[in-house]
Amino acid sequence: MSSQIVARILVKALMAMPAPDFSLCLFLIPERVQMEEQFKTLIVLSHYLETGRFRQFWDEAAKSRHIVEAVPGFEQAIQGYAIHVLSLTYQRIPRTVLAEAINIEGLSLDKFIEHQVANSGWVVEKSQGRGQLVVLPRTEFNDPALKKNAADSVPLEHITRIFPILS
């Protein structure tokens with residue numbers, strides 16, 4: 001077994017977040033191999049992603065460039081995952097929080113936001129004294145008013161059939 005190849009597979013699995021690929025791959029690796037430093041680092045990175053601790057993730061990833069840069073597109077995939085998590089959580093997000101989560105600042109962040117405004121329905125609004133707010137599209141996850149209620153989809157005649165059985 002080549003540790004470098006296994007590490008690349010795990011990096012690729014991290015890129016597939018929120019899919020459970022990383023955990024599934026980890027179950028196939030013997031515990032003694034998981035104790036190697038590069039695998040410990042990948043496990044820590046996975047934990048940071050799963051818990052939404054993006055600043056810690058990017059800091060740790062910067063220390064472990066030799067591991068994560070082995071797979072092209074790593075940074076973009078993780079940024080996509082971060083955007084996914086933020087869109088499930090926020091309707092409006094401060095620009096600074098967005099910048100920290102996707103690890104982009106300055107002009108690059110401006111270009112990224114412009115691209116999202118043009119293609120993903122984002123809106124940028126000025127906030128009083130707090131800089132810019134990025135308004136994300138509303139979904140059933142970040143807006144309770146859009147959430148479908150399962151009870152609303154059960155026809156009344158189905159419920160009335162149950163009453164004689166219950167009594």
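**Note on the predicted model**

1. Pro18 sits in the loop that runs between H1 and H2. The peptide bond joining Met17 and Pro18 is cis, with omega about 10°. Helices (H or I, at least four residues) and strands (E, at least two) are DSSP runs, numbered from the N terminus.

2. On the basis of the note: this is a predicted model, in which local features need pLDDT of at least 70 and side-chain atom pairs count only at pLDDT 80 or more, while totals for chains, interfaces and linings use all residues. Residues are numbered from 1 along each chain as its sequence is written, and side-chain values use heavy atoms, with hydrogens and water left out.

3. The chain has ten helices and three strands. Along the sequence they follow the pattern α-α-α-α-α-α-α-β-α-α-β-β-α.

4. The radius of gyration of the chain is 21 Å, whereas a compact globule of 167 residues would have one near 15 Å. This radius is taken over C-alpha atoms, and the globule rule is 2.2 Å times the number of residues to the power 0.38. Along the principal axes, the C-alpha atoms fill a box of roughly 65 × 50 × 25 Å.

5. Of the 167 residues in the chain, 33% are buried. Buried means under 20% relative accessible area, exposed over 50%, and partly exposed in between (1.4 Å probe, protein chains only).

6. Just after H4, Gly52 has a positive phi of about 70°.

7. Which residues of H4 are buried? They are Gln38, Phe39, Thr41, Leu42, Leu45, Ser46, Tyr48 and Leu49. The cover over the buried residues of H4 includes helices H1 (3-15), H2 (21-27), H3 (31-34), H5 (54-63), H6 (65-68) and H7 (74-89).

8. Ser3 is found in helix H1. Ser3 is buried, at a relative accessible area of 16%. Not counting residues up to four places away in sequence, Ser3 touches Glu36, Gln38 and Phe39; contact means heavy atoms within 4.5 Å. Gln38 and Phe39 are among the buried residues of H4.

9. Asn103 lies in the loop between helix H8 (95-102) and helix H9 (106-120). Its phi is near 60°, a positive value in a residue other than glycine. Asn103 counts as partly exposed, at 28% relative accessibility.
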